[in-house]
Amino acid sequence: MVAVSKSYDGGAMAVNSISLRIPKSSYCCLLGPSGCGKTTTLRMLAGHEIVTDGDILIHNRNITDAVQAKRGTSMMFQSYALFPHLSALDNVAFSLKLKKVPKAERHAQAMDYLKLVQMEHLAHRMPAQLSGGQQQRVALARSLITRPKVLLLDEPLSALDPFLRVLMRTELKRIQTELGITFVHVTHSQEEALALSDVMVVMNDGKIMQAGSARDVFEKPSNAFVARFIGGHNVIERPGKTVAVRADKCRLLEGASGPRLAVTVLALEYQGPVVRINLRGERGEDFSVIISDVRFFADPPAVGETVDMSWSADDEWLLETA
């Protein structure tokens, strides 16, 4: 994408001159709060939204004005949008039927893709007879059978329960790696983006705040918005600068040397192997510390207690300021 913008009547700017290169055969997640422009960006890639300015290229071919069928993309919708009167097999084979592929041939191809998503044993069930996770696998197979250069996924895991969500993101990554197709996946889940991304793109207010590997974005956030949105960081004002310090690098220690702040314990969240301690600074800032369960239960702080949050200056990451 080169300087791509999308504006609507009345001047509302949904996407503001974004440029992004997604390497071939990579898994890219577009991440950001509601209204940041991530879904509009996905829809412009699919051809469901007209680009106001800029160009979109896939494998060096400009597809900005190409019709949907000629773009080399396929889109998997959040709702799955399966045909209720067709079996799983016929749902997957539907695009081949439109192309007049003979029934035996299209069913054979559809079964291959159902095997890829581990749904061949339910090929003849109707969508109403499938669970949400099973419907999602059928929708994925239906998107893949067109053999797109780029598969577009609009919050595909949001309707699943937490257990299935983890299972399906593992499956998505496996399939993407196995097929070598570029996946562009819109999500509002930081955890999902960190788990899946070769390229993570954080958006806000129609702009790209930061793009890079998941590790780089997490460990080296470019600004306070990224640090706060990705989570796991404390944004701290120090003399003349703003820094991010990972919550798991902070400690609650009295008399610690180095930088520290007086904070009040707001809440304690037991998360199994770790405990998250939510804190409030003297000026109303929100902070958190993440420590092991063993360390926490050895000397647990009390809600309402005032303590010192400390960290090492070596763990500070300098943030850009406007």
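Rings of Phe, Tyr and Trp are counted as a pair if their centres lie within 6.5 Å. In this predicted model, ring pairs of that kind link Tyr270, Phe296 and Phe297 into a cluster.

A search of the whole structure finds five aromatic pairs. One of them joins Tyr27 and Phe183, whose rings are tilted at 55 degrees between the planes, with 5.3 Å from centre to centre. Because Tyr27 belongs to strand S3 (residues 27–31) and Phe183 to strand S9 (residues 182–187), this pair ties together parts that are 156 residues apart in sequence. Both Tyr27 and Phe183 are buried. A ring also meets a charge in this model, for the charged end of Arg142 sits over the ring of Phe83, 5.7 Å from its centre.

The largest pocket has a volume of about 680 Å³, and its lining consists of 23 residues, of which Thr73, Ser74, Met75, Ser95 and Thr146 lie nearest the centre. Strand S7 (73–76), helix H2 (88–98) and helix H4 (132–144) are the elements that each give two or more residues to this lining, and the largest share, four residues, comes from S7. Sorted by class, the lining has 12 nonpolar, eight polar and three charged residues.

As for the cysteines, the count of disulfides comes to zero. Cys36 is in no disulfide, and the nearest cysteine sulfur, that of Cys28, is 12 Å away. Cys36 counts as buried at 1% relative accessibility, and Cys250 counts as buried at 0%.

Methods
Residues numbered from 1 in each chain as written. Predicted model: local features only at pLDDT ≥ 70, side-chain atom pairs only at ≥ 80, totals over all residues. Heavy atoms only, no water. Disulfide = S-S within 2.5 Å. Buried < 20%, exposed > 50% of the residue type's maximum accessible area, 1.4 Å probe, protein only. 1 Å grid on protein atoms, 1.4 Å probe; cavity = no way out; pocket = protein on both sides within 12 Å on 5 of 7 lines; lining within 4 Å. Points joined across faces, edges and corners; volume = space filled by probe spheres on them. Nonpolar A, V, L, I, M, F, W, Y, C, P; charged D, E, K, R; others polar. Phe/Tyr/Trp six-rings, centres within 6.5 Å; stacked < 30°, edge-to-face > 60°. Lys NZ or Arg CZ within 6 Å of the ring centre and 35° of its normal.
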